[in-house]
Amino acid sequence: MASVSHLFHLEIGVRIMSENIKVEEYILSMENITKIYSNGFIANKSVNFKVRKGEIHALIGENGAGKSTLMKVLFGQEQPDSGEIFYKGKKTNITNPLVALHMGIGMVHQHFMLVPSLTVAENMVLGVEPGKYGMFSYKEAVKLTNDISKKYNLPIDAEAKIMDLPVGFKQRVEILKILLRGVDVLILDEPTAVLTPQETDELFKQLKVLKEKGYTIIFISHKLHEIKKLCDNLTVLRNGRVTGTAKVSDLTEQEISKMMVGRDVFLTIKKDVAQPKETVLSVKNLSWVDKHGKRVVNNLSFSVRAGEILGIAGVEGNGQRELTNLIARLEENQIGEILLYGKSIAKQSIREIREQKISHISEDRMTFGTVYEATIEENIISDRFYKKEFNKNYLMDAKKIKNHVNELIKEYNVRTDSKDLPIRTLSGGNMQKVVVAREFSSDPKLVIANQPTRGIDVGASEFIRKKLVTLRDQGAAVLLVSADLNEVIEVSDSIVVMCDGSIVAYLKDAKRVTEEQLGEYMLGIKKQSDEELREVVHD
Amino acid sequence: MINKIENQFKFIRIAISISIALLLAFLIISFVSKDPLFAMYNLIIGPFENIRRVGNIVELMIPLLFTGVGVSIMYSAGQINMASEGAFFLGGVAAAYVSVTFLLPYGIHPVVAMIAGGLIGGLIGLIPAILFVKFKALPVVSSLMLNYISYFLGMYVIHYIIFDPETGYLSSFLYKETAILPKLFSVTRIHWGLVIGLIVVVLGYLFLKKSKWGYAIRMIGMNPNFAQYSGINVGFYILLCQLIGGAIAGIGGAVEQLGMYSRFQYQKLSGHGFDGVLVAILANYNPKFVPLAAFFIAYVRVGADVMARNSDVPIEIVSIIQAVIIVFVASERFLAGWKHRKIVKASQERFASEEA
Ligand SMILES: Nc1ncnc2c1ncn2[C@@H]1O[C@H](COP(=O)(O)OP(=O)(O)OP(=O)(O)O)[C@@H](O)[C@H]1O
Ligand SMILES: [Mg+2]
């Protein structure tokens with residue numbers, strides 16, 4: 001008898017203890033979460049995920065591992081099919097995002113959830129509109145926005161329309177918006193994917209301040225150095241399951257990436273010295289003025305030759321987007337000249353340019369890169385659907401297209417059950433793989449790659465970077481724009497630095513460039529002489 | 001497995017929507033009618049009671065095939081273009097003009113009339129698209145305005161060019177016999193327009209869902225920025241599909257005249273173009289499903305007509321039924337929970353068997 005009651009007490013003791021831990025240590029605990037999407041895809045399989053109060057917890061894993069899904073479940077956007085969520089020690093039922101926000105859980109999404117036609121201020125206060133007697137006070141909204149942006153040192157034009165903002169700024173609005181809601185737990189789903197290194201540093205400072213004030217942060221990122229720099233603990237997801245949790249300080253970057261991908265990933269790329277040939281693209285005194293009269297692109301001259309990778313480094317928003325859009329003919333009214341094989345593109349259509357084997361990875365995946373509602377197949381064939389090889393008589397050759405698409409899905413390792421699913425069912429990184437698959441598989445002679453590995457896991461990034469080098473070796477000219485300095489230095493043969501719409505440096509040998517050096521040019525602290533800059537024009 | 005559930009689900013959702021609509025109709029009928037059961041019987045079974053009424057359904061359905069396919073194509077490019085109404089009307093007027101004034105042999109005459117209808121219909125569909133592509137004028141507004149213009153233009157032709165003063169009301173001269181579309185079966189008034197309509201359905205389906213042009217149009221409809229980025233000539237395809245959609249509606253107007261009438265006698269816009277929007281929504285802008293949707297709308301109309309004639313329930317009840325069904329069919333989330341549970345179960349089973 002005695003032993004039985006002893007056991008009984010022991011059990012109670014354990015239960016109390018574990019409950020205490022929940023109350024004191026873990027602000028949040030998700031237990032046995034299984035999430036099945038309506039197409040039958042199991043995105044989370046019995047996931048256990050615990051976060052301590054006041055920590056910055058990294059959630060990492062390959063593209064499609066189920067990170068965003070798990071966070072959407074926590075934020076009440078998706079309902080789990082089984083499992084429980086405890087918040088501040090209490091079992092909760094988070095039926096929708098409003099409940100989550102009310103409880104103090106806020107999320108910044110991987111893809112923007114802003115209303116493009118409204119201004120920044122209007123978006124900021126959506127759902128918590130200021131004003132008296134049911135009237136909306138726009139002035140108040142602008143003031144709130146300016147206050148919070150000052151407080152967190154994330155400057156923004158409160159009266160700009162969202163659709164006129166570059167991606168980096170849209171992300172900033174998202175972050176500010178959630179800070180304005182006054183939450184305890186912040187979920188940040190790849191917030192830095194679209195930020196510049198400087199902005200990221202700034203954000204990290206703020207996050208650390210928030211942490212000291214007792215906020216809890218869940219941070220998703222594919223960038224290992226960020227995790228090392230910012231996070232306390234990490235949880236790794238793979239194929240919808242948790243494969244490990246650890247203290248970040250116990251691991252090296254190499255070990256973290258191995259935990260994520262299950263194999264060694266090479267963060268540096270082996271490549272031979274470039275053998276540049278004829279000039280493919282040359283840009284001469286190119287300028288472009290935006291609708292506010294600002295000279296966003298200012299008198300650029302450079303050229304890219306076949307067989308070389310020219311990297312463009314620069315803080316985002318210094319004219320890179322406009323430059324690549326001008327070359328891809330998505331933007332009109334250029335001043336100056338853009339020559340493709342010596343011929344001006346000013347009068348050419350996008351189709352004509354693409355026919356000359358130019359491919360373009362846009363930095364804005366959701367606007368230009370994909371059709372959200374269309375299938376993966378439809379997204380892949382958009383630049384080639386009309387070609388003879390894919391048409392038979394008057395109809396498209398379904399069988400040929402199917403084989404072609406399935407091959408690409410395999411080659412680029414897009415994680416999906418079928419090519420016929422809408423692309424919106426893919427994880428962010430896998431969507432990017434679809435874009436890359438399309439743009440790399442058209443046998444390009446000039447690749448304009450703007451943030452090609454944004455949101456892509458380390459394993460797949462390695463693949464894409466290698467592929468860029470392979471394309472170069474096959475004789476393509478590559479123009480690589482990236483906010484990831486490590487990527488620019490690793491992949492490029494030579495580097496151009498842009499600042500305020502102008503080229504401020506040309507560094508012929510990327511191998512000998514350091515991040516610090518780039519930083520000085522990027523921030524406009526240093527500038528090369530006109531003589532030095534003239535060397536980037538090769539004809 | 002999952003696909004099977006999806007298909008099952010689609011079918012069940014439509015079946016349930018229709019049942020709910022009928023139930024609602026029954027409730028309303030119970031209020032207004034002394035003998036609701038009899039009225040209901042007329043509404044549901046009435047249309048199938050004799051061959052003539054079945055014929056009526058098919059006759060009503062024929063023009064909807066054309067406008068349904070036309071609107072499906074127009075809307076697929078993301079253009080809310082209502083000009084199908086004006087296109088149908090003027091298509092009929094053009095056919096009337098050709099049928100009254102031209103002297104042509106059998107076989108050729110209706111073809112020329114339909115071509116005339118198609119041309120004018122295409123033009124009408126094209127105008128809002130041009131205004132959109134050139135001046136960014138919203139097609140939903142310009143096309144509604146254009147429908148008035150089409151109407152008065154058509155009435156002008158009837159009134160001043162082919163007006164028959166003998167009839168005592170506003171109508172054209174009799175169509176020449178050579179222009180008339182022959183009947184398919186002797187008992188009903190079903191005419192060759194059915195065959196032409198079904199051909200249009202097949203061609204429309206192949207065009208929109210299987211051809212490169214259709215692909216371009218659908219991509220533009222879903223994301224014009226993406227289409228432009230990929231090298232698709234957005235403006236051109238918008239013009240093209242509004243032209244084609246309008247032309248199909250115009251041919252429909254011609255076929256309706258030549259198949260069902262012996263002289264032009266519409267006094268106002270016929271509403272077939274707007275019904276086309278209804279049909280296209282029900283068919284999810286897929287020409288493949290247009291016959292089914294058109295048949296259904298026609299069936300409900302004939303049912304309401306039979307009911308109004310035989311019982312004390314007014315014909316307007318049909319609008320309510322239509323509205324309810326469209327609301328349910330168009331709402332994605334309706335019954336989605338049920339579908340989700342089924343799929344979850346199937347996946348869990350698959351998951352379990354994979355684990356084992
Ligand atoms: N609405 C949906 N319907 C069906 N499947 C979905 C849906 N959303 C996501 N999935 C699938 O669930 C899996 C997990 O997606 P999730 O977005 O959680 O990945 P992730 O870990 O955030 O990846 P990434 O790093 O690429 O953002 C993916 O394979 C994706 O295809
Ligand atoms: Mg994600």
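Gln451(A) is buried, with a relative accessible area of 9%. The model is predicted. Gln451(A) sits in the loop between strand E19 (446-450) and H16 of chain A. Its phi is positive, at about 50 degrees, although Gln451(A) is not a glycine.

Helix H16 of chain A spans residues 458-473, 16 residues in total. From first C-alpha to last it reaches 23 Å. This is close to the 22 Å expected at 1.5 Å a residue. Of the 16 residues of H16(A), 12 are buried, so the helix is largely enclosed by the rest of the structure. The buried set includes the run Val458(A), Gly459(A), Ala460(A), Ser461(A) and Glu462(A). Ile464(A), Leu468(A), Val469(A) and Leu471(A) are also among the buried residues. An α-helix has 3.6 residues a turn, so residues three or four places apart point the same way.

Both ends of H16(A) were examined. At the start, a side-chain oxygen of Asp457(A) comes within 3.0 Å of the backbone nitrogen of Gly459(A). Gly475(A) follows H16(A) and has a positive phi, near 105 degrees.

Two further loop residues of chain A were considered. Asn393(A) lies in the loop between strand E17 (391-392) and strand E18 (395-396). Its phi is positive, near 50 degrees, and it is not a glycine. Asn393(A) is exposed, with a relative accessible area of 74%. Gln451(A), by contrast, is buried at 9%. Gln334(A) occupies the loop between helix H10 (320-327) and strand E14 (335-340). With a relative accessibility of 17%, Gln334(A) counts as buried, because the cut-off is under 20%. A polar atom of the Gln334(A) side chain lies 3.4 Å from the backbone oxygen of Gly336(A).

Ligand 1 has 20 residues around it. Ser68(A), Thr69(A), Thr425(A), Ser427(A) and Gly429(A) come nearest. Polar atoms of the protein approach oxygen atoms of the ligand. For Thr425(A), a polar backbone atom is 2.5 Å from an oxygen atom of ligand 1. For Asn63(A), a polar side-chain atom lies 2.9 Å from a ligand oxygen. A polar side-chain atom of His222(A) also lies 2.9 Å from an oxygen atom of ligand 1. Taken alone, ligand 1 exposes 640 Å², and the protein buries 92% of that.

Two elements of chain A give two or more residues to the shell around ligand 1: helix H2 (67-74) and helix H15 (428-440). H2(A) gives the most, with three residues. By class, the shell has 12 polar, five nonpolar and three charged residues. Domain 1 (1-65 + 78-103 + 193-262) and domain 2 (367-442) of chain A both give residues to this shell, so ligand 1 lies between them.

In chain B, Val290(B) is placed in helix H12 (residues 290-310). Val290(B) is buried, with a relative accessible area of 0%. Its C-alpha atom is separated by 26 Å from that of Leu138(B). Along the chain, Val290(B) and Leu138(B) are 152 residues apart.

How values were computed
Residues numbered from 1 in each chain as written. Chains lettered and ligands numbered in written order. Predicted model: local features only at pLDDT ≥ 70, side-chain atom pairs only at ≥ 80, totals over all residues. Heavy atoms only, no water. Near = heavy atom within 4 Å. Polar contact = N/O pair within 3.5 Å; in protein donor to acceptor, adjacent residues only side chain to side chain. Areas by Shrake-Rupley, 256 points an atom, 1.4 Å probe, with all protein chains shown as cover. Helix = DSSP H or I, 4+ residues; strand = E, 2+ residues; numbered from the N terminus. Nonpolar A, V, L, I, M, F, W, Y, C, P; charged D, E, K, R; others polar. Domains from an automatic or database assignment. Expected span 1.5 Å × (residues − 1). Buried < 20%, exposed > 50% of the residue type's maximum accessible area, 1.4 Å probe, protein only.
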